[in-house]
Amino acid sequence: MRFVVFAMIAAFAGATAASAEEKPIELKPGPGLDKVEGNCAACHSLDYIQMNSPFLSAAGWDAEVTKMIKAFGAPITDADAKLIADYLTKNYGR
Amino acid sequence: MAALPGKQPLIKLSYRPPNYESPLPYFATPITPNDRFYVRYHLSDIPSIDARTYKIAIGGDGANAQTEITFDDLKKFPAYEIVAVNQCSGNRRGLSKPHVAGVQWGYGAMGCARWKGVRLKDLLDKVGLKKEAIEIAFNGAEGPAFDKTPDFIKSLPVWKAVDESTLIAYEMNGEPLPHFNGYPARLIVPGWTGTYWMKHLSTIDALTKPQGGFWMNPAYRIPVGEFPVVARFMTQENATTAPITEMVVNSLITSHVDGAKVKVGKITVRGLAWDGGYGVRAIAASTDGGQTWSAATLGDDLGRYAFRPWSFVLTAKRGTNTVMVNATNKIGQTQTATLLFNPAGYHNNVMQSVTLNAG
């Protein structure tokens with residue numbers, strides 16, 4: 001899964017000469033990081049997570065993950081959604 | 001700081017979609033140079049567009065006909081120029097207390113350019129509007145990374161769409177638009193926040209029903225009645241929220257950052273002011289925490305939608321000096337003393353208070 005995601009990022013980076021150069025974002029290690037990288041990075045760079053840290057509470061991160069699924073259509077399973085929200089709260093929550 | 005192709009270094013907030021704000025020194029002039037202009041995208045699949053094959057499709061159920069306009073066609077319409085501020089609705093969101101989720105913009109998600117293009121009204125006249133038309137909807141060529149993500153589609157009320165100042169611009173400060181600012185053509189909606197200024201404009205649809213979709217509701221909404229805005233988008237309002245429309249009157253101190261070191265004696269503090277298109281009437285400055293105010297000197301007037309430069313001379317005493325600034329527009333609106341909190345962090349026009357340390 002991670003390989004697929006990085007291949008997608010590489011495809012974006014190489015899509016046009018006018019694309020932004022995207023440097024890898026290193027998130028904090030911890031349980032659930034693979035789910036974050038595997039799901040979130042398909043649609044947006046992971047600096048969004050750093051940018052919104054550490055202002056969001058558990059409920060705030062939960063709402064963000066729900067928004068990505070309900071409003072933006074992200075195909076994330078319920079089990080992965082919980083792992084992602086837990087990772088974000090533990091590592092990037094207030 | 002990071003540089004996008006064709007851009008000077010900007011403050012990177014996110015790589016993908018690209019969101020980059022202009023640092024304070026880029027606001028030294030009332031016209032923001034193209035290579036220093038901020039970049040804001042919602043969706044990350046941003047195509048490079050060839051102007052030779054570029055087309056804008058015009059139609060919709062509120063139009064009498066449909067047509068396609070090429071880039072060459074655009075240039076055959078009468079051309080108009082306007083100097084106008086483009087400010088992201090979420091500019092200064094990062095300053096909100098309490099913090100709200102979203103792109104954590106500082107002061108630099110804005111810029112002012114001289115835009116050249118055609119009146120949207122002239123394009124709409126090509127197809128003709130039915131009397132039932134209530135909104136004009138816009139889409140751009142960029143799309144989501146994932147097909148279930150809502151495409152970024154925005155609409156305007158017909159009255160704003162046919163305003164003579166609403167343009168489709170193909171030049172910015174005398175040059176083609178930069179790729180990251182909407183090449184080859186974008187919508188210019190003077191006075192209104194950047195969300196309506198559709199980049200890489202691809203379709204224009206006249207509608208007899210309100211435009212739906214995530215980007216109209218719940219996104220880009222303000223609580224009804226919270227802000228003193230005159231321009232309203234009635235077909236999109238509900239009991240509790242309204243679409244964000246015009247910008248609130250605001251100013252930015254551009255010559256000094258908070259905590260700047262200065263020399264004792266006369267100091268010129270400079271900045272910019274703008275509003276939703278009524279025009280800036282005055283800038284008041286205070287060096288005693290807001291007890292007394294005196295008028296700053298206004299600079300060149302580039303039009304009612306433009307950044308208005310101003311300057312204020314103070315005599316810095318040894319130690320701490322504070323400068324507060326408050327802009328007033330021509331309909332008497334002023335900046336606020338405290339934040340009018342809202343969940344999306346919009347319309348932050350709290351007066352700045354900058355400390356200068358003189359030694």
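**Figure 1. Contacts and helices of chain A in the predicted model.** Among contacts in chain A between residues at least 6 apart in sequence, those that join residues at least 24 apart make up 69%. The model is predicted. Chain A contains 5 helices and 0 strands, and along the sequence its pattern reads α-α-α-α-α. Chain A has 94 residues, of which 30% count as buried.

**Figure 2. The contact of chain A with chain B.** On the chain A side, 22 residues take part, and on the chain B side 20 residues. The chain B side that touches chain A is made up of 11 nonpolar, 7 polar and 2 charged residues.

**Figure 3. Domain 1 and domain 2 of chain B.** Chain B is split into domain 1, covering 11-243, and domain 2, covering 250-358. Their C-alpha centres lie 28 Å apart. Where the two domains of chain B touch, 29 residues of domain 1 are in contact with 25 residues of domain 2. On the domain 1 side, the elements that give two or more residues are strand 6 (80-87) and strand 14 (221-223) of chain B. Strand 6 of chain B gives the most to this side, with 4 residues. By class, the domain 1 side that touches domain 2 holds 18 nonpolar, 6 polar and 5 charged residues.

**Figure 4. An open sheet of 5 strands in chain B.** The strand order is 5-4-13-8-9, with mixed pairing. Strand 5 (67-70) and strand 9 (153-157) of chain B are the edge strands, each of which pairs on one side only. From one strand to the next, the twist averages 20°. Helix 2 (residues 120-127) of chain B packs on this sheet and touches strand 4 (55-59), strand 5 and strand 13 of chain B. The direction of helix 2 makes about 60° with that of strand 4 of chain B.

**Figure 5. Strand 8 and strand 13 of chain B.** Strand 8 (residues 135-140) and strand 13 (residues 201-207) of chain B run antiparallel and are joined by 6 bridges. In this pair, I136(B) of chain B stands opposite A206(B), which belongs to strand 13.

**Figure 6. Nonpolar cores.** The largest nonpolar core has 101 residues. Those with the most contacts inside this core are I168(B), A169(B), L187(B) and I188(B). The core draws at least three residues from each of the two domains of chain B, domain 1 (11-243) and domain 2 (250-358). Leaving aside residues up to four places away in sequence, I168(B) touches L74(B), G117(B), V118(B), L120(B), L123(B), A185(B), L187(B) and L201(B). In soluble globular proteins, nonpolar side chains tend to be buried together.

**Figure 7. The surroundings of D73(B).** D73(B) is part of helix 1 (residues 71-76) of chain B. D73(B) counts as partly exposed because it has 15 C-beta neighbours inside 10 Å, whereas a buried residue would need 20 or more and an exposed one 12 or fewer. K55(B) is 18 residues apart from D73(B) along the chain, and the C-alpha atoms of the two are separated by 9.3 Å.

Key:
Residues are numbered from 1 along each chain as its sequence is written. Chains are lettered from A and ligands numbered from 1 in the order in which they are written. This is a predicted model: local features need pLDDT of at least 70, side-chain atom pairs count only at pLDDT 80 or more; totals for chains, interfaces and linings use all residues. Two residues are in contact if their C-beta atoms, placed from the backbone, lie within 7 Å. Domain bounds come from an automatic or database domain assignment. Ala, Val, Leu, Ile, Met, Phe, Trp, Tyr, Cys and Pro count as nonpolar, Asp, Glu, Lys and Arg as charged, and the others, Gly among them, as polar. Two strands pair if DSSP finds at least two bridges between them. Axes are lines fitted to C-alpha atoms, for helices over the stretch in contact, and angles run from 0 to 180 degrees between N-to-C directions. A nonpolar core is a set of buried Ala, Val, Leu, Ile, Met, Phe, Trp, Tyr and Cys residues joined through C-beta atoms within 7 Å.
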